[in-house]
Amino acid sequence: MRPRSGPTVEHRVLAARLRILRERAGVSMRAAALALGAHPATVRRIERAETGLDARQVRVLLDRYGVSAAEADPIMAGLGSANLPGWWHEWRDAMEPWQQEVIGIESSAGLVRTWHPALVPELLRTPAYTAALYRTLYPADTPARRERRVELLGERQRRLEERGAALWALLPAAALHTRVGGDRVMAEQRERLAESAHRPHLTVQTVPLDAPPHAMTGLPPLYVLRVPTPEIGDRAVLEIPGGRADIVDDPAVVMDYRIRLDGACASAPPPGTPLPYDTPAP
């Protein structure tokens, strides 16, 4: 069984397929639970990827749904990998609870779109900028835990780039004038952003200081994650002050955020436009 660290996409896909097969067979959740000798909540948790996939339970469900061997065998064969913990499992000590779900989806996303209203979006931050920011955001952390948080973000960035996933970020010019960690840190962060125009799979747009309000004005930090798997719909993640987040999977709501991002990006200067700041003196 997979240790609890948030489900991987492989786990989510198999769980979704079990739900689809049950609905296709016209079997109610209560009837499926009776076949298992369990409460309907057990079936609900299985289909929501909230618990590990037990081979005996999955086989009973597939038999109850009348699934052919041709369809059932790949599902049973995939249980082993689906129950493995995600790479982020070892970083649980440096994560907020909601991050386990987000990183689980992000780790298989083909496209990540992000907006931050006041700071450089985290997937574009340098280690020094991140460390300086975390000293303010997590004052109760030990230095060791803050360093673990910095390392986790670096690992997320590395894996995203290694996988060739597309990252499209929108940020306000004010983020480039918010002094995080001093001049040297900011100079390094600005240089990293300037280099983004030459990096494949990366798009960065900056909203000028004198720009009028746009579709993302007033919204908290936002991520829209797209996984190239039909069983997994897009997710929108809105960070909430206090170390919390609202993870949205309602297609209509996610679409609304995508439309807002599209509108804000359409009104911003195109990618590759020089960043709007004066280079600080060394």
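Contact here means heavy atoms within 4.5 Å. Among contacts in this protein between residues at least 6 apart in sequence, 72% join residues at least 24 apart.

The model is predicted: local features need pLDDT of at least 70, side-chain atom pairs count only at pLDDT 80 or more, and totals for chains, interfaces and linings use all residues. Residues are numbered from 1 along each chain as its sequence is written, and side-chain values use heavy atoms, with hydrogens and water left out.

**Overall build**

The protein has twelve helices and six strands. These are DSSP runs numbered from the N terminus: helices are H or I with at least four residues, strands are E with at least two. The C-alpha atoms fill a box of roughly 70 × 40 × 30 Å along the principal axes. Of the 282 residues, 46% are buried. Buried means under 20% relative accessible area, exposed over 50%, and partly exposed in between, with a 1.4 Å probe and protein chains only.

| Helix | Residues |
|---|---|
| H1 | 9-25 |
| H8 | 127-137 |
| H9 | 143-163 |
| H11 | 183-195 |

**Helix H1**

H1 has 17 residues and reaches 24 Å from its first C-alpha to its last. That is close to the expected 24 Å, which is 1.5 Å times one less than the number of residues. Its buried residues include Val9, Leu14, Leu18 and Leu21. Just after H1, Gly26 takes a positive phi of about 70 degrees.

**The cores**

A nonpolar core is a set of buried Ala, Val, Leu, Ile, Met, Phe, Trp, Tyr and Cys residues joined through side-chain atoms within 4.5 Å. The largest has 36 residues. Val112, Leu124, Tyr129, Leu167, Leu171, Val180 and Leu193 have the most contacts inside it. H8 gives the most to this core, with four residues. Another core, of 20 residues, lies apart from it, with Leu21, Val43, Ile46 and Ala72 among them.

Leu193 is in contact with Val120, Leu124, Leu171, Leu176 and Leu275, leaving aside neighbours within four places in sequence.

**H8 against H11**

H8 and H11 pack at an angle of about 130 degrees, with their axes 8 Å apart. They are therefore oblique to each other: angles under 35 degrees count as roughly parallel, over 145 as roughly antiparallel, 65 to 115 as roughly perpendicular and the rest as oblique. Pro127, Ala128 and Tyr129 of H8 meet Val185, Met186, Glu188, Gln189 and Arg192 of H11.

**A buried arginine**

Arg149 is found in H9. At 4% relative accessibility, Arg149 counts as buried. Arg149 touches Ala94, Glu96, Tyr134, Tyr138 and Asp141, not counting residues up to four places away in sequence.

Terms used:
Axes fitted to C-alpha atoms, helices over the stretch in contact; angles between N-to-C directions.
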